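Here's a quick briefing for anyone opening this one up for the first time. Take a look at the sequence and the fold, then read on.

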Amino acid sequence: RMGAIVIGIAIGSVLAQWKIGPDEDVYSTVFLNTVGTGFGIGNILVLATPLILASLAVAIPYRLRLWNIGGEGQLYMGAWAAALVGFTLRGLPSPLLQILMLLGAAVGGALWILAPAILRAYLSVHEIVTTLLLNFVATFWTSYWLTGPWRPASSAGGVLHSDPLPANALLPQISVGDVQFHVGLFIAVLITALLAWALSNTRLGFALQIMSSGERAARYAGIPVRRATIGVLLCSGALAGVAGAVEMMGDIHTFATSLSGGTGYTAIVVAVLAGGSLAAVVPFALMFGGLDTAALSLRVMGISNNAAFALTGLILMLAAAAQVLAKYRLVKVASQPPALNRLPAPGAEAAVTVPKR
C-alpha cells in the first residue's frame with residue numbers, strides 16, 4: 001500500500017508540474033513546505049494529531065465489521081462539550097480544566113453515537129445510515145450555538161466562531177528547534193499505544209478478537225454481543241469527541257465551523273488503509289497530514305481546489321487498488337495436467353505410481 005501511495009504521489013507531482021509549467025519548481029516548493037523545513041513538519045504534526053484520534057474511532061469498530069461514519073459529527077459534538085466545560089469552569093487551574101474538557105469531549109462524542117449503537121445492537125439498524133445522518137444534525141447544532149448563545153459581540157467573515165477559549169484551557173505548545181506543535185500529539189500517540197496494548201493483552205481485547213470472527217462464534221464463547229457492540233461504538237464516539245477537543249484546544253483556540261476540514265471522513269480512509277491496525281494508524285495519519293500540507297502548497301502555486309482534490313483522489317485510488325491486490329498472489333499454472341488426472345486410452349491398462357511417504 002505504501003508503494004502504491006508513493007507511485008501516486010510521483011504521478012501527482014508530474015501532473016502538477018505539467019499544469020503549472022516550467023516557470024516554477026513544484027518538487028522543491030512542496031518539499032520545502034512539508035518535510036523540508038521545521039515549519040512544514042510542524043504543520044504535518046498539527047494536522048495529523050486529530051486525524052490519529054479520529055482514525056482510531058473508525059479502526060476499532062472496523063475490526064468488528066462495524067462502520068462509524070459519524071466521526072465528523074462526533075468530533076464537533078466533542079468540541080462543543082469541551083468548550084461548554086471550558087467556558088463554564090474557566091476559573092479552575094489549567095491542568096484540571098484541560099482534563100475536564102477532554103473528559104467532557106469524550107462524553108459528548110459517546111452520547112452522540114449512543115442512539116446508533118442501541119439501534120444497531122437491538123434492532124439491527126445499520127450504523128452507517130444512522131451515524132452518517134447525525135453528521136448533518138451536528139452541523140445544525142454547531143450553527144445554532146455560533147449564531148445564538150455563543151455568537152461573539154463582534155464577528156466578521158464567513159466562518160462562524162465563538163469567543164476565544166480561556167487561556168488556561170489551551171494545550172501547551174512544544175518547540176523542537178524550528179518544529180512547533182502542541183501536546184495533543186503526545187495525547188494521541190499515548191491513547192494509540194494504550195488501546196493497542198489493551199486489545200492484545202487483556203481479556204476484553206481477546207473477546208473483541210473472537211467477535212471479529214462473527215456473532216455466532218462470540219455467542220458460542222459466551223460473549224454478550226449486544227453489550228460489547230454498544231461498548232465498542234461508545235468508545236469510538238468518545239475518541240472522535242476527544243479528537244475535536246484536541247484540535248480546538250491545541251490549534252484553533254475557539255469553537256468554530258472551521259474546526260474540521262473533513263477530518264472525520266478522511267479518518268475512514270486512514271483506518272481502512274491501516275487495515276484496522278491501531279499501530280498503522282499513526283504513520284498513515286502522518287502521511288495524510290503531509291498530503292494536506294502539500295495540497296495547500298499547490299493551491300498557493302495556482303492549482304485549483306478541484307485539481308488538488310483530484311490528485312488526492314488518484315493517490316487514494318491507487319492505494320485502494322493495492323489493498324485489494326494484496327489479498328491475491330500469482331500462482332504458476334502447469335502447462336500439462338498432472339499424471340494422476342490423465343485418463344488412460346481405451347483398452348489400455350492404467351499405471352499409477354504412488355509417491356513414497
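Is tryptophan 80 buried or exposed? With a relative accessible area of 14%, tryptophan 80 falls under the 20% cut-off, so this residue counts as buried. Keep in mind that you're looking at a predicted model.

**The chain as a whole**
- You'll find 14 helices and two strands in the secondary structure of the chain.
- The chain has 357 residues, and 45% of them are buried.
- Take the contacts with a separation of 6 or more: 76% of these are between residues 24 or more positions apart.

**Aromatic pairs**
- The chain's aromatic pairs come to 10.
- One of them joins tryptophan 80 and tryptophan 141 edge-to-face, with 5.3 Å from centre to centre and 80° between the planes.
- That pair ties together distant parts of the chain: tryptophan 80 sits in helix H4 (residues 71-88) and tryptophan 141 in helix H7 (residues 127-147), 61 residues apart.
- Tryptophan 141 has a relative accessible area of 31%, so it goes down as partly exposed, the class between 20% and 50%.
- Tryptophan 141 also pairs with tryptophan 145: the ring centres are 5.9 Å apart and the planes meet at 50°, so this pair is tilted.
- Tryptophan 145 is buried, at 16% relative accessibility.

**The aromatic cluster**
- Zoom out from the pairs and you get one aromatic cluster, made up of Trp80, Phe87, Trp141, Tyr144, Trp145, Trp150 and Phe255.

**The nonpolar core**
- The largest nonpolar core holds 83 residues.
- Met101, Trp150, Leu165, Met211, Met248, Met249 and Phe255 are the residues with the most contacts inside that core.
- Helix H11 (residues 225-252) gives the most to the core, putting in 14 residues.
- Trp150 and Phe255 turn up in the aromatic cluster and also on the list of residues with the most contacts inside the core.
- If you set aside the neighbours within four places in sequence, methionine 101 is in contact with Ala82, Val85, Gly86, Leu165, Ala169, Met248 and Met249.

Conventions
Residues numbered from 1 in each chain as written. Predicted model: local features only at pLDDT ≥ 70, side-chain atom pairs only at ≥ 80, totals over all residues. Heavy atoms only, no water. Helix = DSSP H or I, 4+ residues; strand = E, 2+ residues; numbered from the N terminus. Buried < 20%, exposed > 50% of the residue type's maximum accessible area, 1.4 Å probe, protein only. Contact = heavy atoms within 4.5 Å. Phe/Tyr/Trp six-rings, centres within 6.5 Å; stacked < 30°, edge-to-face > 60°. Core = buried A, V, L, I, M, F, W, Y, C linked by side-chain atoms within 4.5 Å.
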